[in-house]
Amino acid sequence: MDPFISALVLAGFAGLALPIGGVLAWIENIRDAELHKAVLSWVTSFGGGALLSAVALVLIPEGTRMLTPMEALFWLGVGGLAFYWIDKGMSRGQGSLALLFAMLLDFLPEALALGAMLSAEDGTALLLALMIFLQNVPEGFAAFRDIWRCDSPAWHVLLLFVGLAALGPLCAAVGLIWLEQQSHILDVIMVFASGGILYLLFQDIAPKVHEAGSSAPSLGAVAGFALGLAGHLLIG
């Protein structure tokens, strides 16, 4: 298949997980409020573990290949500071949508990398698309609930997720056409995104999933990281 068509198809497949996760959250109908809270905490922590694995196993290792140590540290710090200011601005408005931002910081740079990879490593790109899909389902689930509880109509949120998923093929096309020859810029984007994800994970996502007397959310984070590790080992 033509690399450009492959980029659109694989990134579209990976992005489709976002609205799928949203639909699953929409139709999820657990009557017991405590059980509902426990499930949501576990899914959110699973998504957090998957995000952490994306930083540790994909974004940082891939993003630091062409950067000097000082450049890597600089852009990691800039990413963290940028999302500190974004988070502060949002907290003065309609509340935190940290998981949505962290999800996009994970998905969009990986879609760029997916496109850049397709011209030389078709098999690895296919596995990466599958792992992005598997990570995005729980992240989409938890992010949907995070937005929906702010009184947005469910179908509005799902349309938003469909629009965000459409950014994946666009990023993959940019990665294939432009960033394949601009690896330094792609590396900066990935390290910057890592700083933003790390800030949002520990500022907004991890505190939300804590439940007194329950270890399930912590085990969910381990399971999410294990998912990312499995993908890393398969790709590597």
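Predicted model: local features only at pLDDT ≥ 70, side-chain atom pairs only at ≥ 80, totals over all residues.
Let me start with the fold. The protein has eight helices and zero strands. Along the sequence, the pattern reads α-α-α-α-α-α-α-α. There are 236 residues, and 49% of them count as buried.

Next, empty space. Rolling a probe the size of a water molecule over the atoms shows where it is left. How many cavities of 30 Å³ or more does a search of the whole structure find? The search finds one. The lining holds 13 residues, and the closest to the centre are V58, M131, Q135, G228 and H232. Which helices supply at least two residues each of that lining? Helix 2, residues 33–63, is one of them. Helix 5, 122–148, and helix 8, 216–235, are the others. By class, the lining has seven nonpolar, five polar and one charged residues.

Stay in helix 2 for a moment, and find S53. Buried or exposed? S53 has a relative accessibility of 1%, under the 20% limit, so it counts as buried. Its side chain reaches the backbone oxygen of A50 at 2.7 Å. Leave out residues up to four places away in sequence, and S53 touches V58, Q135, G224, F225, G228 and L229. Three names there come back from the cavity: V58, Q135 and G228 are among the residues closest to its centre.

Now the open space. The second largest pocket holds about 300 Å³. It is lined by 17 residues. Nearest its centre lie S45, A206, V209, P217 and A221. Helix 2, helix 7 (183–209) and helix 8 each give two or more residues to this lining. Helix 2 and helix 8 also supply the cavity lining, as we saw.

On to the rings. A pair of aromatic rings is described by the distance of the centres and the angle of the planes. The count here comes to eight aromatic pairs. I will show two.

Take F13 and F133. They are stacked, at 4.6 Å centre to centre, with 5 degrees between the planes. What does this pair tie together? F13 lies in helix 1, residues 3–27, and F133 in helix 5, so the pair ties together parts that are 120 residues apart in sequence. The two partners fall into separate accessibility classes. F13, at 36% relative accessibility, counts as partly exposed. F133 is buried, with a relative accessible area of 16%.

Compare F144 and F161. Why is this pair edge-to-face? The ring centres are 6.3 Å apart and the planes stand at 85 degrees, over the 60 degrees required, so it counts as edge-to-face. F144 sits in helix 5 and F161 in helix 6, residues 154–177. The two are 17 residues apart, and the pair links distant parts of the chain. Both F144 and F161 are buried.

One more aromatic item. F83, F101 and F192 form one cluster.

To wrap up, follow helix 5 through the model. Helix 5 supplies at least two residues of the cavity lining. It carries F133, the stacking partner of F13. It also carries F144, which pairs with F161 in helix 6.

Definitions and conventions:
Residues numbered from 1 in each chain as written. Heavy atoms only, no water. 1 Å grid on protein atoms, 1.4 Å probe; cavity = no way out; pocket = protein on both sides within 12 Å on 5 of 7 lines; lining within 4 Å. Points joined across faces, edges and corners; volume = space filled by probe spheres on them. Helix = DSSP H or I, 4+ residues; strand = E, 2+ residues; numbered from the N terminus. Nonpolar A, V, L, I, M, F, W, Y, C, P; charged D, E, K, R; others polar. Buried < 20%, exposed > 50% of the residue type's maximum accessible area, 1.4 Å probe, protein only. Polar contact = N/O pair within 3.5 Å; in protein donor to acceptor, adjacent residues only side chain to side chain. Contact = heavy atoms within 4.5 Å. Phe/Tyr/Trp six-rings, centres within 6.5 Å; stacked < 30°, edge-to-face > 60°.
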